[in-house]
Amino acid sequence: MRVEGGVFLLPQKGWPSALCCGTSRAIMRLPDPSTFIAAGASAEVFRLGEGRVLKLFHDGIDASIVAREYAIARAVQASGLPVPRTYGVQEAGGRQGIVYADMDGPDLLAYMARNPHRGRWALGEMARLQQRISECHVPTLRSRKAILRVDIEAAPVGERLRAAAVDRLDQLNEGDALSHGDLHPANLIVTEEGLAVIDWSRAARGMAATDVVRTEMVMRFGPGGDVGGEGGAAGLGRVGLGWAAAKMRDAASAYYVRRHRALTGLDPEALAAWRVHAAQRERRADYRTDGASGVRCPIRAVSSETVQP
């Protein structure tokens, strides 16, 4: 059966018999381990067949988080952006999940690793897609400023720096542009039709600059290996990397920002105003260290580079 708004309907032709799609939760067995695709901090992804995948959230993930992601996915899908179609919420083995269309193709990071000569093209296409995202408006989404305020208050920084950051944040514009919140090469799929965007769990509304600096921070400081190297979807970061690899990540992110500014005319002072806030958000991650590992602290690195408006 299919569920729409709590009403059970007959399944459409071609749907897997275990699936039940809609806004109410359906139940199925845990997917076969052989269908495992990938795992992240909050969920695992399994292939269901017939062009569908199940994003199955880990035990302990609150139901409201799953419901929010599903609502975001539906809203973004309606915007016409290249995103995977949503088929409904699903429960398997006591865990909650969302059924998405399977996006056929490698992620952009893996694509660049196999095609390093296409790196500039790839980053340029990512900038164009981010521009397109920021031209959309989904007023029902959460405020990016409100999310950043929570992140700053939870960041492992001194109270003086925290208070200054919150005060500065309050002075910035709210904005109403669609913001992905975690746009980077590992969240872009290279399909026959072009780039498609996955993982909208952090989407919000805000200034376009907030999304650009978030992408910049993830490209420079995210977990994993290096851009253009091995590691696929995990290859975004500099933990344990040497000086040369860190410089390569800085160069790639700088090129990306230049391409985005060339397309949009985004004021560099607008980026500078949001950059330290994005760096403080990065400090929440447990992989952020500073010292013997050679990993630069995002706040320290960005603070030394940011031009004060």
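Biologist: In which loop is Asn187 found?

Modeller: Asn187 is found in the loop between strand 9 (177-179) and strand 10 (188-191). Strands (E, at least two residues) are DSSP runs, numbered from the N terminus. This is a predicted model, in which local features need pLDDT of at least 70, side-chain atom pairs count only at pLDDT 80 or more, and totals for chains, interfaces and linings use all residues. Residues are numbered from 1 along each chain as its sequence is written, and side-chain values use heavy atoms, with hydrogens and water left out.

Biologist: Does Asn187 count as buried or exposed?

Modeller: Buried means under 20% relative accessible area, exposed over 50%, and partly exposed in between (1.4 Å probe, protein chains only). Asn187 counts as buried because its relative accessibility is 8%. By contrast, Ile27, in strand 3 (residues 26-28), counts as exposed at 66%.

Biologist: Which residues does Asn187 touch, not counting residues up to four places away in sequence?

Modeller: Contact means heavy atoms within 4.5 Å. On that basis, and leaving out residues up to four places away in sequence, Asn187 touches His180, Asp182, Ala196, Val197, Ile198 and Asp199. A polar atom of the Asn187 side chain lies 2.9 Å from the backbone oxygen of Asp182.

Biologist: What is the phi of Asp199?

Modeller: Most residues other than glycine have a negative phi. Asp199, which is not a glycine, has a positive phi near 60°. Asp199 belongs to the loop between strand 11 (194-197) and strand 12 (204-206), and is partly exposed at 28%. Glu50 also has a positive phi, of about 55°, and is found in the loop between strand 5 (43-49) and strand 6 (52-57).

Methods:
Helix = DSSP H or I, 4+ residues; strand = E, 2+ residues; numbered from the N terminus. Polar contact = N/O pair within 3.5 Å; in protein donor to acceptor, adjacent residues only side chain to side chain.
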